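Reader: I have a sequence and a model on my screen. Walk me through the fold, please.

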Amino acid sequence: MNAAALRAAMTDLSGRTAIVTGGARGQGEAEVRLLAECGAKVLICDVLEEGAALAEELDQRFLRLDVTAEDGWAEAVALVRDWTGRLDVLVNNAGIINRSLIADTAPEAWRRVLDVNLTGAFLGIRACAPLMTQGGSIINISSNSAFSGHYDPAYTASKWGLRGLTRSAAMEYAGAKIRVNAICPGLIVTKLNAHSPHLQPMIGMTPAARSGTPEEVAQMVLYLASDASAFVTGEDFVIDGGFIAGAGYRRVAVETGIIKEEP
Ligand SMILES: NC(=O)c1ccc[n+]([C@@H]2O[C@H](COP(=O)([O-])OP(=O)(O)OC[C@H]3O[C@@H](n4cnc5c(N)ncnc54)[C@H](O)[C@@H]3O)[C@@H](O)[C@H]2O)c1
């Protein structure tokens, strides 16, 4: 493949249609902007009305969708069918967090986190896959917290669940040429966590010594949405500045003087 063909495979989404849930702000907004910049038609789905202004700015479409609502998904699919007649990419990005320990988590709060973060993706895949008649790419936004235990158990369980759903869906839909992958970001500062006391300690423990940006996650979404990843399915893609690679052992190495931390 020559350089021009490679560039096209990686960045040309013209003629394709994508749905991005939670697309009104944060990482979802960055994903919408990049997919649209690369030529895709993008349906922005969110419970936040801000998505309407973004759609207008980018000349795309917005649907007020709660990902936990089955009839909302039917509406999204009908909208895309009428608009472009095809669906190529689904980004299950909508997510919420509930920072409380098991003992302090009410069952309704547990269910809501699982409903939005995990069941929402299940409903999205189930509704959208039949419209991906020419194959497609489904991208589930999990988290690097899906590789260990954490102090926000509902969120952590939902993100581990997404990894399992991703692999199961990859098996089920391979025959339909639909690839299914998960992205597992580390700390990305957005409205989800902007006031969290975790920020500085996490940045301090991250080998890259910074948080990631929504645009960096969007670039990974683009890779998985594009033909450059045509042979990639059923996989997790961690983007976390090296955090889960060994942040704990790195701290031990710093504290014992094996390595020196940059000032
Ligand atoms: N920010 C991080 O550090 C981080 C790290 C790992 C994973 N993630 C995941 O990335 C995804 C995007 O998060 P973000 O950081 O951009 O946060 P964010 O809060 O800025 O964006 C989340 C979006 O999802 C939407 N949303 C929430 N519930 C919804 C529902 N029921 N139906 C439809 N939309 C809904 C919100 O309105 C919002 O626009 C989430 O799944 C989150 O769990 C975030």
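Reader: Is Ala78 buried, partly exposed or exposed?
Author: This is a predicted model. Ala78 has 13 other C-beta atoms within 10 Å. Buried takes 20 or more, and exposed takes 12 or fewer. Ala78 is therefore partly exposed.

Reader: Which helix holds Ala78, and how far is Ala78 from Cys128?
Author: Ala78 sits in helix H4, residues 70–83. Along the chain, Ala78 and Cys128 are 50 residues apart. Between their C-alpha atoms the separation is 10.0 Å.

Reader: How are H4 and H5 oriented to each other?
Author: Two packed helices are described by the angle between their axes and the distance between the axes. For H4 and helix H5 (residues 107–128), the axes are 9 Å apart and the angle is about 40°. Roughly parallel needs an angle under 35 degrees, and roughly perpendicular runs from 65 to 115. H4 and H5 are therefore oblique.

Reader: Which residues of H5 meet H4?
Author: H4 brings Glu70, Trp73, Ala74 and Val77 to the contact. By class, the contact of H4 with H5 has 6 nonpolar, 1 polar and 1 charged residues. On the H5 side are Leu123, Gly124, Ala127 and Cys128.

Reader: How are H5 and H6 oriented to each other?
Author: H5 also packs on helix H6, residues 153–173. Their axes are 9 Å apart, at an angle of about 15°. Angles under 35 degrees count as roughly parallel. That makes H5 and H6 roughly parallel.

Reader: What is the make-up of the H5 and H6 contact by class?
Author: H5 contributes residues including Trp110, Leu114, Phe122 and Ile125. H6 contributes residues including Tyr155, Lys159, Leu162 and Leu165. The residues of this contact divide into 14 nonpolar, 3 polar and 1 charged.

Reader: What about H2 and H8: what is their orientation?
Author: H2 covers residues 26–37 and H8 covers residues 214–225. Their axes come within 8 Å and cross at roughly 50°. That makes H2 and H8 oblique.

Reader: How many nonpolar, polar and charged residues make the contact of H2 with H8?
Author: From H2, the residues include Glu29, Ala30, Leu34 and Leu35. From H8, they include Val217, Ala218, Val221 and Leu222. The contact of H2 with H8 has 9 nonpolar, 3 polar and 3 charged residues.

Reader: What is the handedness of the H4 and H5 crossing, and of the H2 and H8 crossing?
Author: H4 passes H5 in a right-handed crossing. For H2 passing H8, the crossing is right-handed.

Reader: Is Pro197 buried or exposed?
Author: Pro197 lies in the loop between strand E6 (178–185) and helix H7 (199–205). Pro197 has 9 other C-beta atoms within 10 Å. The limit for exposed is 12 or fewer. So Pro197 is exposed.

Reader: How far apart in space are Pro197 and Cys38?
Author: In sequence, Pro197 and Cys38 are 159 residues apart. In space, C-alpha to C-alpha, they are 36 Å apart.

Reader: Now the whole protein. What is its radius of gyration?
Author: The protein has 9 helices and 7 strands. Its C-alpha trace spans about 60 × 50 × 35 Å along the principal axes. With 263 residues, a compact globule would have a radius of gyration near 18 Å, so the protein agrees with that at 19 Å.

Reader: What share of its contacts joins residues 24 or more positions apart?
Author: Of the 263 residues, 43% count as buried. Among contacts with a separation of 6 or more, residues 24 or more positions apart account for 72%.

How values were computed: Residues numbered from 1 in each chain as written. Predicted model: local features only at pLDDT ≥ 70, side-chain atom pairs only at ≥ 80, totals over all residues. Helix = DSSP H or I, 4+ residues; strand = E, 2+ residues; numbered from the N terminus. Rg over C-alpha atoms; globule rule 2.2 N^0.38 Å. Contact = placed C-beta atoms within 7 Å. Axes fitted to C-alpha atoms, helices over the stretch in contact; angles between N-to-C directions. Parallel < 35°, antiparallel > 145°, perpendicular 65-115°, else oblique. Left-handed = near helix turned anticlockwise from the far one by under 90°. Nonpolar A, V, L, I, M, F, W, Y, C, P; charged D, E, K, R; others polar.
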